[in-house]
Amino acid sequence: MIKNSKESDLLSVARQVLEIESDAVRALISRLGNDFLETCQICLESQKKQARIAIIGLGKSGHIGTKIAATLASTGSPSFFVHAAEARHGDMGMITTKDVILAISNSGETEEMISLLPRIKRLNLPLITMTGNRNSTLAKAATVNLDISVEKEACPLNLAPTASTTAALAMGDALAVALLSKRNFKEEDFANFHPGGALGKRLLVRVADIMHTDDALPKVEHDTPISDGLLEMSQKSLGITAVVNDDNSLLGVFTDGDLRRTLDQRIDIHNTPISEVMTVDGKTIRQDKLAMEAVHLMEEYGITALIVIDSGNKLIGVLNIHDLFRAGIM
């Protein structure tokens, strides 16, 4: 066990790190101005030409660049990362004459980055830089430079990239979100870039994608005896059966709850038509609705299944809570 005094020392160091990094990010706010606006304009104009944002970095800046590229791409700004060292040995071929370069270097003097400048100039590409030194070689060569300088690193030796990488990351997020807002990027757009994620499922999966249809759909006609309705419920294992008239229009539903109430009344289940004990109409949903809307309805009314109908009140499917769980909606 670490002694209390040592625990206190560790907490003190951790708090100091967070304070330094918070200050580094906060200092960026006052620097945002024309350089940032020009950066956004370059990126937005390039996207009209189906260009991409090629992010170049090395070392810790490279790791930050990878994350920024992923954030840009996932929010509708096509982007990819190129390692500066690999770019010197063929990976510059990934970049086309329509693309925009975003180069990240705290010092602005990284040899591998500087060596790429002639190639970038020959391609006549817009060069956006993020540097901690506005007077560096990289910053001076840029079309526009974003100042991400920090007063000090959080490392007590003032050596390990800590506050500087946090500042670069925050500036990348600011750029991605600014571009997102300018393009009126919506939740549905985000979901399209994340089809396998939880948000993607909530915003993309519709009732029609997961409902039971055809032979898997439990339904009986209105004059069917209750006993036959129970058999239909048992065979389809959804805890519900729809009750329809001759043209397949929905009249009501018969559920486990209706069954309990029927048994309590000692009704003859072999001779009584199911229409006499069904729940009239019942809760329904349309097939084009999001599956998340089905979740809200089930939660609101405390039910576990929904009948799916079309615009003409015709039965087309059934959805229950287990389908939503399997689809990852709940």
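The structure is a predicted model in which local features need pLDDT of at least 70 and side-chain atom pairs count only at pLDDT 80 or more, whereas totals for chains, interfaces and linings use all residues. Residues are numbered from 1 along each chain as its sequence is written, and side-chain values use heavy atoms, with hydrogens and water left out.

**Sheet S6-S7-S8-S9**
- Four strands (DSSP runs of E, at least two residues, numbered from the N terminus) form an open sheet in the order S6-S7-S8-S9, with mixed pairing.
- Strand S6 (219-221) and strand S9 (279-280) are the edge strands, each pairing on one side only; pairing requires at least two DSSP bridges between two strands.
- S7 and S8 run antiparallel and are joined by five bridges; valine 244 has leucine 250 in S8 as its bridge partner.

**Charged patch**
- Aspartate 247 is located in the loop between strand S7 (240-244) and strand S8 (250-255).
- Aspartate 247 counts as partly exposed because its relative accessibility is 43%, the class between buried (under 20% relative accessible area) and exposed (over 50%), with a 1.4 Å probe and protein chains only.
- Glu221, Asp223, Asp246 and Asp247 gather in a surface patch of negative charge; patch residues have over 30% relative accessible area and no salt bridge, with like charges joined within 9 Å.

**Strands S10 and S11**
- Strand S10 (residues 284-286) runs parallel to S11, with three bridges joining them; arginine 286 stands opposite isoleucine 309 in S11.
- In strand S11 (residues 305-309), five of five residues are buried.
- Ala305, Ile307 and Ile309 lie on one side of S11, and Leu306 and Val308 on the other, with both faces covered.

Conventions:
Patch = residues over 30% accessible without salt bridge, like charges linked within 9 Å, V, L, I, M, F, W, Y side chains within 5 Å. Areas by Shrake-Rupley, 256 points an atom, 1.4 Å probe, with all protein chains shown as cover. Salt bridge = Lys/Arg side-chain N within 4 Å of Asp/Glu carboxyl O. Lys, Arg positive; Asp, Glu negative; His and termini not counted. Charge placed at Lys NZ, Arg CZ, Asp CG, Glu CD.
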